[in-house]
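Subject: Structure handover

Dear colleague,

Please find the structure below, followed by notes on what was found in it. Could you look through them before you set anything up?

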Amino acid sequence: MQVRAHEFRSQDLVAGDVVLDFVNTVTARDTEPIDWLDSYAALVSWARLAQLPSAALPVLTPQALAHPRLAARALADAKVLREALWGLFAALSEGGTPSPEAVARLTDSWRSAAAAVVLTDLAGRLEPTVTPETSGLAYPEHYVALRAVRLLESLPSPRLRICGGRHCGWLFLDSSKAGRRRWCDMATCGNAEKSRRHRSADRP
């Protein structure tokens, strides 16, 4: 898998859930996968765009600079979780059963996150959350792991899709009324596929 620097933009968040958006930090899974998380700083950049609790994020950058080896390990662990989630959700999208290895890896991250959980008062309601103070540099991984388990509890599997566009392979939740969405985003993969078909039709 190639690793390439990337400037995260709002167009990169089209999956309908932060967990799937995290999995989609690898693009072109259907051809030659490209990993956009080339550094821990890139992970923080993605987390900021994905609107992980913003008060937590400024703490991570100085921690990573002060402890580069720990940051590298945290990034590697987050990527291992990401690939396990890809295998898990890709299998579910096709009506299959996730591999025991993928389930075990999510379980490991979830248990690690659960050990760092604190109860936070959110608008008068207590909710289990993680913070950089409890999770350290593993905060993004822990946050995604907790959210992944919640997503699996309520996941509408028939609405889980893998984009049909070339050089994509992103996961997304189909929120359309008809439930027939094929593309992660019509403005990118959908239009690109239409253009490809038109070019093919115009050839003699």
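G124 sits in the loop between strand 4 (118-122) and strand 5 (125-129), where helices (H or I, at least four residues) and strands (E, at least two) are DSSP runs numbered from the N terminus. G124 counts as exposed because its relative accessibility is 72%; buried means under 20% relative accessible area, exposed over 50%, and partly exposed in between, with a 1.4 Å probe and protein chains only. Between the C-alpha atoms of G124 and S109, which are 15 residues apart along the chain, the separation is 28 Å.

This is a predicted model, in which local features need pLDDT of at least 70 and side-chain atom pairs count only at pLDDT 80 or more, while totals for chains, interfaces and linings use all residues. Residues are numbered from 1 along each chain as its sequence is written, and side-chain values use heavy atoms, with hydrogens and water left out.

The protein chain as a whole contains eight helices and seven strands. The C-alpha trace spans about 65 × 35 × 35 Å along its principal axes, and buried residues make up 45% of the 204 residues. Of the contacts (heavy atoms within 4.5 Å) with a separation of 6 or more, 61% are accounted for by residues 24 or more positions apart.

In helix 2 (residues 40-49), the residues Y40, A42, L43, V44, W46 and A47 are buried. The buried residues of this helix pack against helix 1 (18-23), helix 3 (57-66), helix 4 (68-93) and helix 7 (139-154). Helix 2 is followed by Q51, which has a positive phi near 65°.

There is also an open sheet of three strands in the order 1-3-2, with mixed pairing, where two strands pair if DSSP finds at least two bridges between them. Strand 1 (2-3) and strand 2 (26-27) stand at its edges, and because each has a single partner strand, one side of each is left without a neighbour in the sheet. Strand 1 runs parallel to strand 3 (residues 34-35), to which two bridges join it, and Q2 stands opposite I34 in strand 3.
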